[in-house]
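I opened my notebook to look up a few things in this structure, one entry at a time. Here is what I wrote down.

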Amino acid sequence: MIDVYTWPTPNGHKIHIMLEEVGLAHTIHAIDIGAGDQFNPDFLVISPNNRIPAIVDQDGPGGAPIALFESGAILIYLAEKAGQLLPAEPRARYETLQWLMFQMGGVGPMLGQAHHFRNYAPEQIEYAVNRYTNEAGRLYRVIDKRLADREYLAGDYSSADIATFPWLRSHENQGQDLDDTPNLKRWFETIAARPAVERGVEVLADRRRKGGFSDAQKEILFGATQFARH
Ligand SMILES: N[C@@H](CCC(=O)N[C@@H](CS)C(=O)NCC(=O)O)C(=O)O
């Protein structure tokens with residue numbers, strides 16, 4: 001059994017989708033990051049960076065439990081455990097890992113900043129809004145170009161697509177119009193229609209905040225509480 005500590009955000013959705021795709025038995029545990037659950041000492045033992053997602057697989061390598069944080073590492077672990085969505089053949093494997101790392105190092109952090117400065121910042125800082133909206137647009141176009149002559153980011157549908165898709169669901173909040181990137185749009189719609197993806201994005205959906213963060217939630221995520229420990 002795999003315990004999944006998570007919340008319905010793009011990084012959480014990656015893991016929810018992967019688990020729905022491969023069908024590994026798991027239990028979802030909600031970590032309400034707007035309420036500060038990520039600072040609970042028990043959670044910090046498995047996720048020292050106070051971020052979701054994290055997992056504990058009671059049946060890890062050698063039959064002993066293993067705890068993991070960082071969604072990219074978790075995706076690789078789950079794909080390897082299931083023997084799906086990460087090719088074994090070396091060239092195909094590195095191609096997939098390359099696009100997975102592109103998501104982890106570029107798409108996630110930059111789109112996250114676009115989201116932050118456009119939607120959550122207490123003041124509109126023109127330089128920051130432009131910088132991250134432009135960078136988001138550039139990354140969308142890199143993906144669009146990549147998808148001009150192929151169906152998925154790396155060979156068959158893979159963990160690289162699963163990592164990237166959830167971040168593009170909030171394209172409007174990142175200042176992007178999918179009609180500007182038709183190859184990406186076609187890929188996005190194909191993935192969104194997968195039954196496992198439809199189920200994955202519904203995990204904890206009933207706990208999703210409505211109408212933005214409250215001031216108390218912003219203080220926890222972006223204010224003094226976030227920086228009190230480190
Ligand atoms: N690189 C990390 C990023 C994880 C991350 O940023 N998680 C956010 C939600 S999407 C979080 O837990 N935020 C809580 C906080 O900032 O305190 C990963 O991919 O797992």
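Predicted model: local features only at pLDDT ≥ 70, side-chain atom pairs only at ≥ 80, totals over all residues.

**Entry 1: helix H1**

I began with helix H1, which is mostly covered: ten of its 13 residues are buried. By buried I mean under 20% relative accessible area, while exposed is over 50% and partly exposed is in between (1.4 Å probe, protein chains only). Helices (H or I, at least four residues) and strands (E, at least two) are DSSP runs, numbered from the N terminus.

Residues are numbered from 1 along each chain as its sequence is written, and side-chain values use heavy atoms, with hydrogens and water left out.

Back to H1: I listed its buried residues as Gly 12, His 13, Lys 14, Ile 15, His 16, Ile 17, Met 18, Leu 19, Glu 21 and Val 22. I also checked the length, and H1 reaches 19 Å from its first C-alpha to its last, close to the 18 Å expected at 1.5 Å a residue. The expected span of a helix is 1.5 Å times one less than its number of residues. After H1 comes Gly 23, with a positive phi near 75 degrees.

**Entry 2: Glu 21**

Is Glu 21 buried or exposed? Glu 21 counts as buried because its relative accessible area is 18%. I looked up its contacts too, where contact means heavy atoms within 4.5 Å. Leaving aside neighbours within four places in sequence, Glu 21 is in contact with Gln 84, Leu 85, Tyr 157, Ile 162, Arg 194, Ala 196 and Val 197.

**Entry 3: helix H5**

Next I looked at helix H5, residues 126-146. Its 21 residues should span 30 Å at 1.5 Å a residue, and the end C-alpha atoms are 30 Å apart, so the two agree. Among its buried residues I noted Ala 128, Val 129, Tyr 132 and Leu 139. The buried residues of H5 pack against helix H4 (90-120), helix H6 (159-168) and helix H7 (182-192).

I found Ser 159 in helix H6. Ser 159 is buried because its relative accessibility is 0%. Not counting residues up to four places away in sequence, Ser 159 touches Met 18, Leu 75, Leu 85, Leu 86, Thr 96 and Leu 100.

Asp 149 sits in the loop between H5 and H6. With a relative accessible area of 60%, Asp 149 is exposed. I noted a polar contact of 3.3 Å between the side chains of Asp 149 and Arg 150. A polar contact is a pair of N or O atoms within 3.5 Å; within protein, one must be able to donate a hydrogen and the other to accept it, and residues adjacent in sequence count only if both atoms are side-chain atoms.

**Entry 4: the cores**

How many residues does the largest nonpolar core have? I read off 52, and those with the most contacts inside it are Ile 55, Leu 78 and Trp 187. A nonpolar core is a set of buried Ala, Val, Leu, Ile, Met, Phe, Trp, Tyr and Cys residues joined through side-chain atoms within 4.5 Å. H4 gives the most to this core, with eight residues. I then noted a second, separate core of 14 residues, which includes Ile 31, Ala 54, Leu 204 and Leu 221.

I counted 13 residues around the ligand, the closest being Gln 38, Ile 52, Glu 70, Ser 71 and Gln 226. A residue is near a molecule if one of its heavy atoms lies within 4 Å of it. A polar side-chain atom of Glu 70 lies 2.8 Å from a ligand nitrogen atom, and one of Ser 71 lies 2.6 Å from a ligand oxygen atom. The protein covers 82% of the 520 Å² of accessible area that the ligand has on its own. Accessible areas come from the Shrake-Rupley method with a 1.4 Å probe; for residues, only the protein chains shown count as cover.

Asn 50 also turns up here: an N or O atom in its side chain is 3.4 Å from a ligand oxygen atom. I placed Asn 50 in the loop between H2 and E3, and its phi is positive, about 45 degrees, although Asn 50 is not a glycine. Pro 53 lies in the loop between helix H2 (41-46) and strand E3 (54-57), and the peptide bond from Ile 52 to Pro 53 is cis, with omega near 0 degrees.
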